[in-house]
Amino acid sequence: IILIMADKSALCIGEKDMESKLDMLFKKNLYPVAINHVQSLQADAAATAEVLRKYGDHLYSKQDYDDAMAQYINTIGHLEPSNVIQKFLDAQRIYNLTNYLEKLHEKGLASKAHTTLLLNCYNKLKDVEKLNVFIKSEDGIGEHKFDVETAIRVCRAANYHKHAMYVAKKAGRHEWYLKILLEDLGSYEEALQYISSLEPSQAGVTIKEYGKILIEHKPIDTIEILMRLCTEDGEQ
């Protein structure tokens, strides 16, 4: 029992010593030294992240936004993202915000709101190249690192129809793919070709949903597909 109490006392003293030393370093703005100190003590990730956050806040107060963001990125997974995002919502700091949001997605910690914000950043920056990379990004099992429906909605609203269609097709969201073709682009012939490429059961669902608009614009081709689907159903 005495040994256990001694161990606990030593632990408390060690923690208190570290806190005291860090406070002293913070007051002298010696943040890099503080970071080295917690790392040398092999402190847990949360404690290290807190020191990084303080350093980031210090750099931010000095308007050194690039270096501040470099520190905040290292806190991902330990610091609530909204604390960082709110600091960089100003249009002049959009590059820093974009960088942070990209890292959130890479680590699989992004919410639907984060996806919406990142896509809006790409839109404001007119950075189609980065948008292409993000939209086509996948994890190890071929799945997107973002909420598919959110990405489709935002790309569609920003008139990035090809990107929205890419995501919809890749995710097997046929209803969204056709919605863009018909409602946004008026590509009735392409829509019919797409429906024809689907499995009969899927094609039947989509032709039932969009049959009215297709009959109106492409009556002969639509009836042809309907007849083929009915024949295939009969054969099955």
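User: Which residues does His-105 touch, not counting residues up to four places away in sequence?
Analyst: With contact meaning heavy atoms within 4.5 Å, His-105 touches Ala-110, His-114, Thr-115, Leu-118, Phe-134, Lys-145 and Phe-146. This is a predicted model, where local features need pLDDT of at least 70, side-chain atom pairs count only at pLDDT 80 or more, and totals for chains, interfaces and linings use all residues. Residues are numbered from 1 along each chain as its sequence is written, and side-chain values use heavy atoms, with hydrogens and water left out.

User: Is His-105 buried or exposed?
Analyst: His-105 is buried, at a relative accessible area of 3%. Buried is under 20%, exposed over 50%, partly exposed in between (1.4 Å probe, protein chains only).

User: Which side chain does the His-105 side chain join in a polar contact?
Analyst: That of Thr-115, at 2.8 Å. A polar contact is a pair of N or O atoms within 3.5 Å; within protein, one must be able to donate a hydrogen and the other to accept it, and residues adjacent in sequence count only if both atoms are side-chain atoms.

User: Cys-121, buried or exposed?
Analyst: Cys-121 is buried, with a relative accessible area of 4%. Cys-230 counts as exposed, at 55%.

User: And what does Leu-214 touch, not counting residues up to four places away in sequence?
Analyst: Its contacts are Leu-182, Tyr-188, Ala-191, Leu-192, Ile-195, Ile-207, Pro-219 and Thr-222.
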